[in-house]
Amino acid sequence: MAAPFHRAARPLVSMDRPMTAQPFWDRMAPKYARKPVGDPDAYHEKLALAASLLKPGDRVLEIGCGTGTTALRLARHVAKYTATDGSRAMIGIAGTKLGPGAPENVTFHHADAAEQVAGAPFDAICAFSLLHLVEDVPGVLATVHAQLRPRGLFLSKTVCTKAAAWPIRVLIPTLTTLRIAPRVTPLSRAELVRHIADAGFEVERTMHFGKNRMSPIIVARKAA
Ligand SMILES: C[S@@+](CC[C@H](N)C(=O)[O-])C[C@H]1O[C@@H](n2cnc3c(N)ncnc32)[C@H](O)[C@@H]1O
């Protein structure tokens, strides 16, 4: 597997799973990179929460890292930060942000969230605005679990569309068909928490930042 934008020589471990999300996100990547953060206060609260949970010696994996903005910010708080995304275009843009001034402990790799990557076991795994986009949520959570050390941290933010008003719920599949929106796995917050618990995690906290009540942040730990 190609891994063009990283400083480490070690390749990823590929399990040759399909990259179903790639075409949509490859097309969206330049626009996504230009788009300002929707709710800057909520974004900074999320970063502050993550920074407070991470430790200086941690080896962190972020899955679905997009264009790498969050990775570059959180990497300053830890020892090593591996960031992956299923879209080559997203990872390509992330790679352009490496260089002078960027933290040197970050590596970007092209990988589906369902793939195991080199570097495991990690002390923490982050998945921001990702789980609702994967087709097999329990499968991805099993991969996250397999790559974490016991008591390792799993931090996620996930859009739970079952909490949306019905016109939005009806509209989403249409927008997906029209290729305006990505394919979304409909989830309620309770279902998401259950999936995470069923995968072998203890859910410690569920919270929201900002006005968006549809995208819970979940702090969980791999059961010992
Ligand atoms: C909404 S963006 C979020 C990006 C970033 N985490 C953030 O919070 O800004 C979703 C990202 O997930 C990636 N993605 C979607 N499905 C994926 C999958 N199955 N495996 C890995 N990445 C995936 C997309 O390529 C995209 O970069």
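Start your tour by colouring the strands: seven of them form an open sheet in the order E3-E2-E1-E4-E5-E7-E6, with mixed pairing. Two strands count as paired if DSSP finds at least two bridges between them. Helices (H or I, at least four residues) and strands (E, at least two) are DSSP runs, numbered from the N terminus. Now select residues 106-110 and 201-207: these are the edge strands E3 and E6, and each pairs on one side only. From one strand to the next, the twist averages 15 degrees.

Before you click further, know that this is a predicted model, in which local features need pLDDT of at least 70, side-chain atom pairs count only at pLDDT 80 or more, and totals for chains, interfaces and linings use all residues. Residues are numbered from 1 along each chain as its sequence is written, and side-chain values use heavy atoms, with hydrogens and water left out.

**Stop 1: strand E2**

Select residues 80-85. This is strand E2, which runs parallel to E3 and is joined to it by five bridges. Show the side chain of Thr84, which is found in E2 and stands opposite His109 in E3. Is Thr84 buried or exposed? Thr84 counts as buried because its relative accessibility is 0%; buried means under 20% relative accessible area, exposed over 50%, and partly exposed in between (1.4 Å probe, protein chains only). Not counting residues up to four places away in sequence, Thr84 touches a set of residues including Leu61, Ile63, Ile91, His109 and Val117. Contact here means heavy atoms within 4.5 Å.

Move along to Asp85, also in strand E2. Asp85 is buried, with a relative accessible area of 10%. Leaving aside neighbours within four places in sequence, its contacts include Gly64, Met90, His110 and Ala111.

**Stop 2: two crossing helices**

Select helix H1 (residues 22-34) and helix H4 (residues 88-96), whose axes come within 7 Å and cross at roughly 35 degrees. Axes are lines fitted to C-alpha atoms, for helices over the stretch in contact, and angles run from 0 to 180 degrees between N-to-C directions. Which residues of H4 meet H1? They are Arg88, Ala89, Met90 and Ile93, and among their partners in H1 are Trp25, Pro30 and Tyr32.

**Stop 3**

Next, pick helix H2 (residues 40-53). H2 lies across strands E4, E5, E6 and E7, running at about 175 degrees to E5.

Then highlight helix H5 (residues 137-147). Why is H5 described as largely enclosed by the rest of the structure? Eight of its eleven residues are buried, so the rest of the structure largely encloses H5. Among those buried residues are Val137, Leu141, Val144 and His145. To see what covers them, show strand E1 (59-63) and helix H7 (189-198), which are part of the cover along with E4, E5, E6 and E7.

**Last stop: the largest cavity**

Finish by showing Leu53, Lys55, Asp58, Asp123, Ala124, Arg149, Leu153 and Arg221, which line the largest cavity. The volume of this cavity is about 40 Å³. E4 and E5 each supply at least two residues of the lining.

Conventions:
On a 1 Å grid over the protein atoms alone, a cavity is a set of points where a 1.4 Å probe fits but cannot get out, and a pocket is an open set with protein on both sides within 12 Å along at least five of seven lines; lining residues have an atom within 4 Å of a point. Grid points are joined across faces, edges and corners, and a volume is the space filled by probe spheres set on the points.
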